[in-house]
Structures are given as structure tokens and as C-alpha cells.
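Dear colleague,

Please find below the structure that I am handing over to you.

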Amino acid sequence: MQLLTYFIYITATLLCLYLLLINLYLYWFSKLKMFDTTVIKPATRFTVIIPARNEEENIENCIRSILDNNYPEDLFEIIVADDFSTDRTPEIVHDLQTTYPNVHIISLKNIITETINSYKKRAIELAVAQSKYEWIITTDADCIVPQQWLHLFDAYIQKNNRVFIAAPVMFTCNNSFLDIFQCLDFLSLQGITAASVYAGAHSMCNGANLAYKKSVFYEVDGFKNADHIASGDDMLLMHKIKTKYPENIGYLFSGKVIVKTPPMPDLTSFLNQRIRWASKATSYKDKRVFWVLLLVYFVNFFLLVLFIACFFRPQLFLVWLSFILFKALLEMPFMYKVSKFYSLQRLMLSFVLMQPFHILYTVISGWLGTFGTYKWKGRKVR
């Protein structure tokens, strides 16, 4: 009984630490100001890099959304880095090339002969090497970018002395349980990203919407010393750049620059995606990220163990329920503010209901991301 009491005290202490962390994120997020979209004559030259593997259903829509930006054609190019696709992805891009001369494609199968662990990092490296312009923007093949995307990046670059810029991403959300769950989870990650980059607290970003100077990419040796890790083409690079340029990392906070991407279609692909994201946790050189993730993991781990203990000691159920409600209440102001930025306030109706499932998912994906394997794009990755 004494051991159980200690366990409850530890869980309560972890929740209090978590409360302080969430309140910090809420404070930082509240300080963010919408970027002034005053019209500026376009001046920045961009190379947009899209790594793609078996994306025949998405790649044309992604490319056309970039072309629809109406940004001067001589100021940007698109490079699709085809990662051994076995479907019509290359053919679709080649068809677009006949109409749009600033669309290009490179094929990894013509360049890479050995087996490697991070094909996406290698795809980006090859595309950067062939890029013509100084600023690199990356997005994913299943993404749709907004019409002011390039204009806003250009305006932000002209107004701010930055070498790396993170920007918002959101899931398109239907009303299925799994979609809502993924959207809420991703909203929390995006809110933390915006808050932490604004505060300079730690390195977070998403490769579906970020930009950096090509010269700086080479200054930090690109993905060197991180190319053995399958994931992390975004945050691991960001940390290397932040270490060299701590005052020159920016966050483009605007609803008009949000890149949209679909959530995973089923539970298996969702878990594989999150395990892939979690797999880079122990590789972060920015230990502040590691300690944040560790705190979040243990909060959820202790809550899960306490729930299991309820089956043996039913009187614990009220304690566990009070902890769950406390956690939801302390997260609610932050989550509501983030959901309002993305115009997804309706999802907050399901927020408390999702808490037990989120706890279970966090523990499972965190454990498997560290000690397990996952499948991604038809490849098994360790």
C-alpha cells in the first residue's frame, strides 16, 4: 500500500511539472504575432524540393498547388526527388515537365546502388546539389500548399534576417474517430512547434513546410552524422543550423501559409508514422527536446500503469479519473488557442474523450520508436 501511495505521489508530481511546461507553451504561443502580409515585390529565388515515393495519387495536385501560387516563374523551380517509385509517379512528373519548364525530376534509382537507411535525407541532399537557387523549401508529395505560400516566404525573408524558417502544417480532418484523434494529436505538436521556435526554447519543425538557405545547409554539412537515422530530416537539420545560427531561426506565423496534408488512412499506417517520428527521439542533439519528450512519456506511462492498477484495486479509479480530468483541463487552454489558429475549434468537443486513447498511443509509439521496427513506404526500418 505504501508503494502505491508513492506511485500516486510521483504521478501527481509529474503532472505538476507537465502543467508548468504546458503553461510555458501557452504563454509563448500567445505572444506570437500574425505576420504582416504587406505586398512586397518578389525577390527571393526558391528551389522547392518534394521527396516522393509511390505518390501517383498525390504528386500532380501537390505540384499544381505550387504552380498556382502565381509567383514569378523565373524566381522558383520545383525538383521532385523520386525515391524508387514503382507506380506512375515519375511519368506524371515528366508529363508536367512538357508544360512547365521549371519542374524537374531526379531519380534515386539512377544514382544510388547501395542499401541505405535514410532514403529521404539522401533524396533531399541530391536535390539540393542540383538546385539553382539560394533558398530551399521542402514539402511532401501528399501536401497542398496555399496560394500565397511563396509570396509569404519571400516577404518574411525580405523583412527578417533568418537562415531557417519553420511554418505551420495541418491535417485535413473528416469526422471519423481516427481522423479526429490524429488531428488533435498533430495540433498539439504544431502548437508546441510554433511556441518553442518563437521562444528559442528548442528545435522543432515539420519537413512539410520549412525553408533554409542552401549555403547554410552546406555550412553545417547537411545531414552528415544524422544520415544513419531513417527519420529526422527536419528537426535534426534544424538543430545543426540553430547551433551555428542561434539568433537566425524564425517561425512564419500566418494562417495563409498553412500547408495541408491528409492524416493516415488506417490504424496500422498511423502507428507506423508515429513510431517513425518517435524513432529519432534518442538522436536529438538538442537535449531540451529529449527531456521534454521524456517528461511527456513518463506522465502518460504512469497514468497508464495507474489505470491498469484499477483492475486490481477498484478504489483507485477515482484517483485515476481525477488525474485524467486534471490533465485535460490543464491542456485545454493551450489546445483551444492552437485549434483557433487552424480554425479547428470543433475538434475540442472530442478532446476529453480522446485522453485515454492518447495515453495508450503515446506509451506504445514511444516504446516501439525506441526499441522496435516499423514499415514506411513499403520498407522495413529499424
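A search of the whole structure, which is a predicted model, finds zero disulfides. Cysteine 16 takes part in none, and the nearest cysteine sulfur, that of cysteine 310, lies 19 Å away. With a relative accessibility of 43%, cysteine 16 is classed as partly exposed. For cysteine 143, the closest cysteine sulfur belongs to cysteine 62; the two sulfurs are 6.3 Å apart and therefore too far for a bond, the cut-off being 2.5 Å. Cysteine 143 is buried, with a relative accessible area of 1%.

Turning to the sheet, seven strands form an open arrangement in the order β3-β2-β1-β4-β7-β5-β8, with mixed pairing. Strands β3 (103-107) and β8 (249-251) are its edges, each pairing on one side only. On average, neighbouring strands are turned by 20 degrees against each other, direction ignored. Helix α3 (residues 89-97) packs on this sheet and touches β1 (46-52), β2 (76-82) and β3, its direction making about 150 degrees with that of β3. Helix α8 (residues 235-244) lies across β5, β7 and β8 and runs at about 125 degrees to β8. Strands β5 (residues 164-166) and β7 (residues 210-213) are paired in the antiparallel sense over three bridges, and phenylalanine 164 has tyrosine 212 in β7 as its bridge partner.

Helix α9 (residues 267-278) comprises twelve residues and spans 16 Å from its first C-alpha to its last, close to the 16 Å expected. At its start, a side-chain oxygen of aspartate 266 comes within 3.2 Å of the backbone nitrogen of threonine 268. The buried residues of α9 include Phe270, Ile275 and Ala278, and also Arg274 and Arg276.

Yours sincerely

Key
Residues numbered from 1 in each chain as written. Predicted model: local features only at pLDDT ≥ 70, side-chain atom pairs only at ≥ 80, totals over all residues. Heavy atoms only, no water. Buried < 20%, exposed > 50% of the residue type's maximum accessible area, 1.4 Å probe, protein only. Helix = DSSP H or I, 4+ residues; strand = E, 2+ residues; numbered from the N terminus. Expected span 1.5 Å × (residues − 1). Polar contact = N/O pair within 3.5 Å; in protein donor to acceptor, adjacent residues only side chain to side chain. Pairing = 2+ DSSP bridges. Axes fitted to C-alpha atoms, helices over the stretch in contact; angles between N-to-C directions. Contact = heavy atoms within 4.5 Å.
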